[in-house]
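Good morning, everyone. Please look at the model on the screen, and we will go through a metal site and then a helix pair.

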2 protein chains.
Amino acid sequence: MPETSPSVQDYLKAIYHLARREGRATTTRLAAVLGVTPASVTGMLKRLMAEQPPLVVYHPRRGATVTPAGERVALETIRRHRLLELFLVRVLGYRWDEVHEEAERLEHVVSEQMTNRIAQLLGEPAFDPHGHPIPDRKLALPAVQGFPLAQAEVGARLQVVSVSDGDAAVLRRLAEVGLQPGAVVRVAGRTAGDHLLSLAIRGRAQPVVIGPAVAAAVFVAPAPEMTEPA
Amino acid sequence: MPETSPSVQDYLKAIYHLARREGRATTTRLAAVLGVTPASVTGMLKRLMAEQPPLVVYHPRRGATVTPAGERVALETIRRHRLLELFLVRVLGYRWDEVHEEAERLEHVVSEQMTNRIAQLLGEPAFDPHGHPIPDRKLALPAVQGFPLAQAEVGARLQVVSVSDGDAAVLRRLAEVGLQPGAVVRVAGRTAGDHLLSLAIRGRAQPVVIGPAVAAAVFVAPAPEMTEPA
DNA sequence: GCTAAAATTTAGCCTGCTCTAAATTGGATT
DNA sequence: AATCCAATTTAGAGCAGGCTAAATTTTAGC
Ligand SMILES: [Mn+2]
Ligand SMILES: [Mn+2]
Ligand SMILES: [Mn+2]
Ligand SMILES: [Mn+2]
């Protein structure tokens, strides 16, 4: 197992996520996600490919994917990140829009011992505050279902599976309207020109209107059958 | 306030501690404490002196001390370190010999927000698990009294103030014999050649013999008057 | 006071990771 | 098929922080 720096861990996480969502991680997409220049990405991809064992498969000009060794590093880092986020919310009283940044730094320095103690304290949780699955000690990750709310049909009854955690302002807006993982919503309507969605959210008296940026940050699945009343 | 890297923070902590204990921080002592070569120390001292504002006062060949700006960085880092150590013990169930290493990494990445939330959760504590004072939010640090147990007179009744946290094996030995901060001991005797100390520790039936490495790691002050029985 | 040892600095180098500016290339458009 | 463009790579550089080897200065012993 090669030692990995914070930079390498962040690159591998980004390659893993992009490859999963878009098939492969291209230079430009990686540069955008990581906040570096494309030239820097090219250099790093060469180094990750040259690592022993290689951490990525890189075909110049056609992007990269992680190798099994690279995936392992990515999943270990994702596990630390998501456990830390939940820990910050549950133990230190953070709001869910504050945890991502902090976890982004801590994920590179907490030991395996600390990671497992946090997991134990939290009861070996399966999901982080945003609804993302937490790899278990063996790095097994539950399959993620769900599609963007932005693509939902009008009239559909849906349950929120997870929300993107990158934009704090979006998260605050989601908390405001009650769009947390588990929330049940019906798509009441959609406007043509500006892609606004009108939603009926269970437990809320008034319908809510959200814009496309917010709608793209919410991932949903068909709502399960009516849950029994309390 | 200049941005400071983990390296710079560790250098400033070391300079602060050495200057406090030994008057000034010399190149060789710093190199030993930080685990780098003397040449590396010289280079860093030059950079710290050139910082705007300067973080150290450095007279080539006669060592360095921190400036007010450097002391501030050192104390902020020490505050984070000691709060983290106590947090790891209290919240995550670490033993006191396990926390130093973990804190040494975490101290460079926890935000001010996280630091203050930890302090609040712990009740704004004044001492870490080893008895070292924790700078408060204004970075005020209680004066430390106490001298090494190794220098105690035979017959003296003493109270443990703090213990060095650098050597995990020494800490485990101290826990074994009950030499924690607050413990009250009487120096029962001392051997001439090998500097062993025989101690009567209040609450322990049998006297204990400790070697010089352990005796040097324990800091004591004259015991207060007899405490009333429970 | 002279000299040997110890401490310290200098010189030169290296790795990791980033950048800007200048090629290059693959694919789309006409 | 020629051309253009967007994506990508290459070339060259810089900074932080470390190292080794060689010089230099201080200190200490005599
Ligand atoms: Mn996150
Ligand atoms: Mn990160
Ligand atoms: Mn410590
Ligand atoms: Mn440190």
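Start with A:Asp10. A:Asp10 is partly exposed, at 21% relative accessible area. Partly exposed sits between buried, under 20%, and exposed, over 50% (1.4 Å probe, protein chains only). A:Glu104 is also partly exposed, at 23%.

A quick note on the source. This is a predicted model, where local features need pLDDT of at least 70 and side-chain atom pairs pLDDT 80 or more, while totals for chains, interfaces and linings use all residues. Residues count from 1 along each chain as written, chains are lettered from A and ligands numbered from 1 in written order, and side-chain values use heavy atoms, without hydrogens and water.

Now the manganese ion, ligand 2. Its protein donors are A:Asp10 (OD), A:Glu104 (O), A:Glu104 (OE), A:Glu107 (OE) and A:His108 (NE2), at 2.0 to 2.4 Å. Donors are N, O and S atoms within 2.8 Å of the metal (3.2 Å for Na, K and Ca); water is not among the atoms, so sites may look incomplete. The donor spacing in sequence is D-x93-E-x2-E-H. A:Asp10 lies in helix α1 (residues 6–22) of chain A and A:Glu104 in helix α5 (residues 99–106) of chain A, so the pair ties together parts 94 residues apart in sequence. Helices are DSSP runs (H or I, at least four residues), numbered from the N terminus.

Next, chain B. How do helix α2 (residues 27–34) of chain B and helix α3 (residues 38–50) of chain B pack, and at what angle? The angle is about 110°, with axes 8 Å apart. Axes are lines fitted to C-alpha atoms over the stretch in contact, and angles run from 0 to 180 degrees between N-to-C directions. That makes α2(B) roughly perpendicular to α3(B), a term for 65 to 115 degrees. Thank you.

Key: Helices (H or I, at least four residues) and strands (E, at least two) are DSSP runs, numbered from the N terminus. Angles under 35 degrees count as roughly parallel, over 145 as roughly antiparallel, 65 to 115 as roughly perpendicular and the rest as oblique.
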